[in-house]
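Please view the sequence and the model together, and then follow the points below by topic.

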Amino acid sequence: MSVDFSKAEEEVLRHWREIDAFQTQLRLTQDQPRFTFYDGPPFGLPHYGHLLTSTIKDIIPRYWSMKGYHVSRRFGWDTHGLPIEYEIDKRLGISARDAVKKMGIEKYNAECRSIVMTYSAEWRHTIERLGRWVDFDNDYKSMDLKFMESCWWVFKQLFDNGHVYRAYQIMPYSTTLCTPLSHMESKQNEKMTQDPAVLVSFPVLGVEGKEDTSLVVYTTTPWTLPSNLLIAVHPDFEYMEILDEKTGRRYIMLETMVGWKYKPLFNYYSNAFSHCFRVIAATYVEADQGTGLVHQAPAFGQEDYDAAIAAGFITPRRLPPCPVDEAGRFTSEVPDYAGQHVKTADKAILKDLRPTGRLLVESQVNHVDKFCWRSDTQLIRRAVSSWFIRVTDSIPEMLKNLEESNWVPPFVKEKRFANWISNAHDWNVSRNRYWGTPIPLWVSDDYEEVVCVGSVEELKRLSGFDGPLDDMHRDKVDGITIPSRRGKGVLRRVEEIFDCWFESGSMPYASIHYPFENSGDFHGGLFPADFIAKGLDQTRGWFYTLTILGNKLFKTSPFKNVIVNGIVLAEDGKKMSKSLKNYPDPGGILDQYGSDALRLYLINSPVVRAESMRFKESGVKEIVARVLLPLWNSYRFFQEQTLLYKKSTGQDFIVRTSFEGSDMENVMDRWILADCQSLLRFMEEEMRGYRLYTVVPRLLQVIDNLTNWYIRFNRKRLKGVAGLGLDDTTAALNSLLQVLFTMVRALAPFTPFLTEHIYQLLRPQLAEATAGFADARSVHFLPFPTVQEALFDTVIERQVSVMQKVIQLGRVARERRNLSLKTPLLSLVVIADSQPLADMDSLKSYVLEELNVRNLVLTDDEERYSIHLEARVDWPSLGKKLKKDVQVVRKALPTLSQAQLRDYQRTKTINLDGISLGEGDLTLVRVIGEGTERSGAPQWEPAFADDMVVLLDIAPHPELVEEGLMRDLISRFQRLRKRAGLMPTDEVCMRQRVISDPDGVGLGSMVAERQDMFITALRGRVEEARGEEEVVGEGDIILEEEQAVGNLVVMLQLARA
């Protein structure tokens, strides 16, 4: 009964479609308490980063839905902003500004609208294939009228409360996109680049005694030199004058010179700004940067602008020159370089400076600079008039409310996000673009009258516009004017649109058209969100804008819990790149291994702890091998045994609807059910803390306990061949089914496909157990399993833990001597304290069976078996601690008695010839002494743990060798049945025929004497075939193979009964 996980998942998807599973789950929980989840919208084609966040966004809502909450999940689309316009610009081959001039804003916006849903089909397919339940039909889009209107309302609340202002500031500026960016956006793409690094001289004018003296400044932006107005020095620094003996000129690099005039490099502004070209004081100047004299171009640096304002050389009404246009090209104000992009003009400017003798040093510098996050081109700083939201006045409140939210991992909140908020700037929310939500400000020509509009109805009322207004983009609202109430004619809308991050931050309100609709629901549980999830980069993006607006509008953090994931890199540690082809196609991974494997692999990695991970296909494959296949094989084993149960009893096996731990007699039954309760308690605690990364390791442990301990150790009971009666078989099967039923419900949020697949196959046996549920057609409709306190048994868990340790040590001893478990051995000695020995007493049979030994001795007498303590020392570490005294210890160590070592083991202290040693200075290990080997005496192979020693007698015994041979024969018949594709219920004739027996083993007589072993293990006798012609007709043979067992060659045969 093999399984193709990917095909099984496709069958599950068909089942979900047939029963409209997601909508059915929503209907079933409609009257339950609400759990609110915000889905931040994506952009572009789905990649592994999206699959990671989508997995997280599916696990948490599924879990809380099964916990009895109503969790609505709507997909969102970020349809505005630079990404869309940039795609159109590439398609048209011209900038947005030029395209709008050529075709008009209406047609340009129509082009943008036409591509926003380009990838919707790919997203829908991928998200469904991943197993994520989310509503695509009732989605939200930032370009919809209702969404945009709520954004207007948000902005109006801020405007009316004095949080909005217009200012001329120096902003990060993308010359490719022709728009300023926020400080937040400018830090999303920082990388190394190379720029010119030059020293330039400015001759001092009108200062007595300084006729041949120049000021020297350092800059990496030669393109700003034509706009130089001032030079800044620090008022507290001492500057020095250097004489160039070759030229006789003097240079000041680090004398108090504030107020000195100097000769400008260029004369473009020597008349219009003749009062400038002086030295001013500025405390931001740093002694270890450049020459300590800083060239000032106030239109291209915020510190330059602030210093010039403070010194009184420019004012808000007399702004500094800004001879650079929207595309980053010099204007006619600088005729020598007009039309050149500023970064291109660097070379031309330096070329013109060389003959003047004022370019003193010319080099290149590698440094980190900011690049446009969308176009990947280097940003400049440029003076722009922008609309800002005040943020700095809300920093204390945001930090206070931040403390009440739970972040996973916590360091993102405590360090990264808290630091970001603490150093926040006011937020530039305006963009000089076209496709986006228009900023709802109507102003007079002199900007002295400003009206903020908060709704479509308000705009119609103020403007008198009575036409249809079912679209709020620029091409529809820019032509609407509002009569001035101050006699200033008409008010026109400002040209800017919102930064798309403003729309993202408005999502809690705009996605439900609040406050125009859903006001009751909003205040009844839709805000703040119980949970959100995004990548680490969103600490400067969505998390930040949500936080600003939530605190500004409602004085609270807009989310209670957040999971922050890291970045998924390619296996080589580089960013995943289509051009490099350094990562496997996500679709191929899903087709080959299935979604469950990918989901578990992603959440079991450092990436859910906000760290980077290298994606390895082998890791997905390992999840299949370590989690999915063992879970499936557990179900398959159960299913096979229920067929045997029906064959032997004539009845279908049905789970008991209720049971208590007290009425179970078998220790292993009680243990595995107690282990499940521990899992449930652990999951409840971890899911309440949103720590997904702790769950998979615990699942691996439970699955290992189920497959490698419970099922392995209870095969005979589950098969009904343990000789303990039908009631015991029924109890074992019932326990296994209870575990499987618990597991598929507990794992359902994590592996929604395999758990559904197994649940559907188990439904016949679970008919009575699920009869009381409102809808049992899907495991995802069932409640999450609750912890059953009556099934906890700490004593049983302790006893089995001791048994597991004994068996693991026994396996180590066997492996060290290359003795397989099929080889029977005579004795096993367990040496430990009284409590572990008492725990082992009731589980002896399991140890004997698993380790294949005849006798088990439990004792606390180490001396009898020559077990000694031995002290070992990390001499380099102890030498650093004791210095010369370490030689005293080295000399005294061999003289220590066993009594002294046991005393140290108990007290953790010992005195060696005046040198006191404490805990950790000595490491005590157990060793077995060398005894005199004699014929027939045990040959002990030891294995050690901190509190236990296991001794395995590996001496050969003839009678045990024969038993080992029979076990090997049983194993070979079992493998033969498997290769023949037989089910456990299929009855066949099993025969063996010796072909060659050079050592005279006498296999036939051995088999005849041990038929009870074959009947128990194979449910039938093994007969001897005395001749080919006497066995069976050729048509009755199912499978036969000639096999070598040492020097013995035997024909094994399966035939129809």
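L145 counts as partly exposed because its relative accessibility is 27%; buried means under 20% relative accessible area, exposed over 50%, and partly exposed in between (1.4 Å probe, protein chains only). The model is predicted: local features need pLDDT of at least 70, side-chain atom pairs count only at pLDDT 80 or more, and totals for chains, interfaces and linings use all residues. Residues are numbered from 1 along each chain as its sequence is written, and side-chain values use heavy atoms, with hydrogens and water left out.

**Confidence**

- The mean pLDDT of the protein is 89, and 96% of its residues reach 70 or more; pLDDT is the predictor's confidence in each residue, from 0 to 100.
- Helices (H or I, at least four residues) and strands (E, at least two) are DSSP runs, numbered from the N terminus.

**L145 and its surroundings**

- L145 is found in helix 8.
- Leaving aside neighbours within four places in sequence, L145 is in contact with V456, L469, D470, D471 and M472, where contact means heavy atoms within 4.5 Å.
- P46 lies 99 residues from L145 along the chain, and the C-alpha atoms of the two are separated by 26 Å.

**Strands 1 and 2**

- Strand 1 (residues 74–77) pairs with strand 2 in the parallel sense over three bridges; two strands pair if DSSP finds at least two bridges between them.
- The bridge partner of R74 in strand 2 is D135.
- Strand 2 (residues 135–141) is largely enclosed by the rest of the structure, because five of its seven residues are buried.

- Four strands form an open sheet in the order 28-27-34-33, and their pairing is mixed.
- Strand 28 (853–859) and strand 33 (940–945) are the edge strands, each pairing on one side only.
- On average, neighbouring strands of this sheet are turned by 15 degrees against each other, direction ignored. Axes are lines fitted to C-alpha atoms, for helices over the stretch in contact, and angles run from 0 to 180 degrees between N-to-C directions.
- Six bridges join strand 33 and strand 34 (residues 948–953) in the antiparallel sense; A945 has M948 in strand 34 as its bridge partner.
- Helix 28 (residues 794–816) packs on the sheet and touches strand 27 (825–832), strand 33 and strand 34; its direction makes about 135 degrees with that of strand 33.
- Helix 30 (residues 844–851) also packs on the sheet, touching strand 27 and strand 28, and its direction makes about 135 degrees with that of strand 28.

**Nonpolar cores**

- The largest nonpolar core has 121 residues, and those with the most contacts inside it are L598, F615, M803 and L828. A nonpolar core is a set of buried Ala, Val, Leu, Ile, Met, Phe, Trp, Tyr and Cys residues joined through side-chain atoms within 4.5 Å.
- Not counting residues up to four places away in sequence, L828 touches several residues, including V806, V847, L851, V853 and L952.
- Another core, of 67 residues, lies apart from the largest one; among its members are W153, L402, W420 and I480.

**Two loop residues**

- N666 is found in the loop between helix 22 (617–649) and helix 23 (667–688), and it counts as buried because its relative accessibility is 15%.
- The side chains of N666 and R717 are joined by a polar contact of 3.3 Å. A polar contact is a pair of N or O atoms within 3.5 Å; within protein, one must be able to donate a hydrogen and the other to accept it, and residues adjacent in sequence count only if both atoms are side-chain atoms.
- Q788 is found in the loop between helix 27 (752–762) and helix 28, and with a relative accessible area of 35% Q788 is partly exposed.

- An open sheet of four strands has the order 36-35-38-37, with mixed pairing.
- Strand 36 (1022–1024) and strand 37 (1037–1045) stand at the edges with a single partner strand each, so one side of each is left without a neighbour in the sheet.
- The twist averages 25 degrees from one strand to the next.
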